[in-house]
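Please look over the sequence and the model shown here before reading the notes below. The briefing takes up a sheet, a loop residue, a helix crossing and a helix residue in turn.

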Amino acid sequence: MSNTFQVDLRGIVDLLSHHLYASPRVYVRELLQNAVDAITAVGPDHAGQVEITTGEALRITDNGIGLTEAQVHELLATIGRSSKRDELGFARHEFLGQFGIGLLSCFLVADEIRVHTRREGATPVLWTGYSDGRYDVRPGDEREPGTTVTLLPRRGSEHYLTSATVVELAGLYGSLLPVEVTVDGHRVTTGTVPWALPAGERNTYAESMLGFRPFDVIDLNVPGAGLTGAAFVLPTPVNPATRGGHRVYLKRMLLSENVEGLLPDWAFFARCVVDSTELRPTASREALYDDGMLAETRDAIADQLRGWLVRLATTDPRRLAQFLQIHHLGVKALALHDDEMLRLVEQWYPMQTNMGELTLAEFRARYGVLRYAATADEFRQLAAVAAAQDVGLINGGYVYDADLIQRLAAVDPEVHAERLDPTDLTTRFTAVDAETELRLRPFLSAAQRRLDRLGCEVVVRSFDPAGLPALYLVSRAAAFHDEFTASRDQADDLWGGVLDALSSTVPNDRPQLVLNHRNPLIRRVAALGDAELAALAVESLYGQALLLGHHPIRPADAALLTTSFLGLLDRAVPGGNGEESR
């Protein structure tokens with residue numbers, strides 16, 4: 001024995017209001033969808049009209065195809081069954097929605113719904129549905145073919161049916177509909193789409209609807225998705241992590257003002273207004289269904305945005321430079337996997353170097369090799385010294401910059417790139433002559449003993465700029481060794497044993513404190529006859545070099561900075577050696 005599910009209409013309405021639809025406001029959209037579908041069913045040459053009136057009740061009247069009594073029973077009182085709708089002609093491709101669950105959304109704001117309808121050649125029918133699940137059907141008054149839906153407001157929901165609210169909602173959802181829609185005599189349809197407006201009017205539209213005057217407007221056309229529209233380029237920088245929504249219409253009915261997933265992640269610099277006949281909505285009709293069609297559409301729009309950038313590079317380089325200054329992160333993100341955009345970045349995007357802002361193409365023409373520092377701290381540490389040696393250096397510490405340099409070298413065999421190891425600079429420094437080295441040996445030995453406990457090697461070289469007394473250089477191998485040691489110290493016994501077993505394979509190059517013999521202060525410190533004072537000076541130079549190079553300060557380094565500073569202060573201020581000042 002089989003049984004039929006019993007449906008609690010109140011439960012269905014609760015489900016719709018709390019879990020499917022974001023707001024009861026969508027009832028206007030559902031009514032408009034039904035009205036436009038009824039008009040569409042008459043034929044393409046039919047001059048459709050939808051009239052909405054407000055007052056004690058809301059009425060929406062269309063001059064569409066209307067329903068017979070059999071269709072009223074099938075379409076208005078059945079939830080979830082589609083076969084009969086197909087037979088009756090209400091599932092055609094050009095329709096916006098369906099009767100049934102869409103009409104149920106009206107129970108979000110009304111306790112009673114009346115549908116007075118007549119099809120050509122049939123008798124009028126009046127269907128009345130109640131929020132408790134009852135409905136009745138009786139003959140209706142004579143009328144022209146078409147349908148009038150009347151909503152009697154639910155207590156507490158009257159504000160959703162007022163004239164001002166309905167004008168706002170009908171304009172929001174239906175302003176682009178190809179039929180005339182009026183609310184209390186006020187026309188809410190515009191008769192045109194914003195992307196078809198002249199340039200000046202499109203800018204005005206963006207200011208009023210999107211909240212900004214666009215940097216540029218890019219026409220969009222994806223025939224496979226029946227999509228037309230425009231991408232409005234933001235005039236100011238935006239956080240790449242912020243995924244702005246897009247204004248999407250389906251068959252001229254607004255889906256949502258904040259649809260996500262229409263553009264690839266890198267195109268965060270644009271906000272779109274589009275209409276599509278093929279993209280599918282989710283059940284709530286407030287987002288796009290993420291399927292193969294949406295993925296293909298996203299790729300097609302990405303190609304059109306990419307083409308706009310390439311055209312700018314060819315026709316208006318100055319404007320492209322302005323755009324890159326605002327939205328470089330999006331273009332660089334795209335260039336990580338797109339060769340055409342990579343070349344655009346190489347030619348047009350200026351990167352920070354120690355010789356001023358240069359594009360990668362300009363830097364390569366001047367220095368041959370794309371030599372870069374991988375972090376901003378590394379660049380700050382080495383920029384001035386490298387410039388003094390006539391070594392060009394790119395700051396690869398900004399988002400994507402180092403990755404782009406590496407990728408450019410990977411795809412083009414004529415491009416050579418290398419990360420500058422800080423210790424590479426020492427090969428460009430001049431060694432002191434043998435006589436000077438012999439004279440400095442006692443000083444260097446004392447300095448080395450002082451810094452041995454910090455794992456630092458002290459050397460003397462001559463280099464520019466002469467105003468820099470000391471430079472702290474850490475090779476990549478030394479940096480890795482420090483990280484390895486820190487990890488081993490923090491590991492538990494089991495993992496620590498594994499790291500101990502690997503320690504013999506970890507390179508142990510020591511950082512270097514390079515003292516600049518061209519600097520007058522270094523020569524004076526080296527000539528001091530007071531070994532203790534010279535040692536305090538070396539410790540202070542070590543601390544200053546750490547700070548100038550933006551190196552991490554370990555507890556031992558912090559302690560050294562304190563003791564060396566206090567030691568020098570003690571020697572400089574009269575009244576030391578236990579003698580109290582008077």
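Which residue in β10 is the bridge partner of V222? The bridge partner of V222 in β10 is L227. The model is a predicted one, in which local features need pLDDT of at least 70 and side-chain atom pairs count only at pLDDT 80 or more, while totals for chains, interfaces and linings use all residues. Residues are numbered from 1 along each chain as its sequence is written, and side-chain values use heavy atoms, with hydrogens and water left out.

**The sheet**

- An open sheet with mixed pairing is formed by five strands in the order β9-β10-β13-β11-β12, where strands (E, at least two residues) are DSSP runs numbered from the N terminus, as are helices (H or I, at least four residues).
- The edge strands, each of which pairs on one side only, are β9 (216-222) and β12 (253-259), and two strands pair if DSSP finds at least two bridges between them.
- On average, neighbouring strands of this sheet are turned by 15° against each other, direction ignored.
- Seven bridges join β9 to strand β10 (residues 227-233), and the two pair in the antiparallel sense.

- F212 is found in the loop between α7 (199-210) and β9, and F212 is buried, with a relative accessible area of 12% (buried means under 20%, exposed over 50%, and partly exposed in between, with a 1.4 Å probe and protein chains only).
- Not counting residues up to four places away in sequence, F212 touches A206, E207, F232, V233, L234, P235 and R271, where contact means heavy atoms within 4.5 Å.
- F212 and V233 are 21 residues apart in sequence, and their C-alpha atoms are 9.4 Å apart in space.

**The crossing of α14 and α18**

- The axes of helix α14 (residues 434-451) and helix α18 (residues 531-548) come within 9 Å and cross at roughly 60°; axes are lines fitted to C-alpha atoms, for helices over the stretch in contact, and angles run from 0 to 180 degrees between N-to-C directions.
- That angle makes α14 oblique to α18, because angles under 35 degrees count as roughly parallel, over 145 as roughly antiparallel, 65 to 115 as roughly perpendicular and the rest as oblique.
- On the α14 side the contact is made by F443, A447, R450 and L451, and on the α18 side by E532, A534, A535, L536, V538, E539 and Y542.

**D401 in α13**

- D401 lies in helix α13 (residues 401-411) and counts as buried at 1% relative accessibility.
- Leaving aside neighbours within four places in sequence, D401 is in contact with K332, Y349, M351, N395 and G396.
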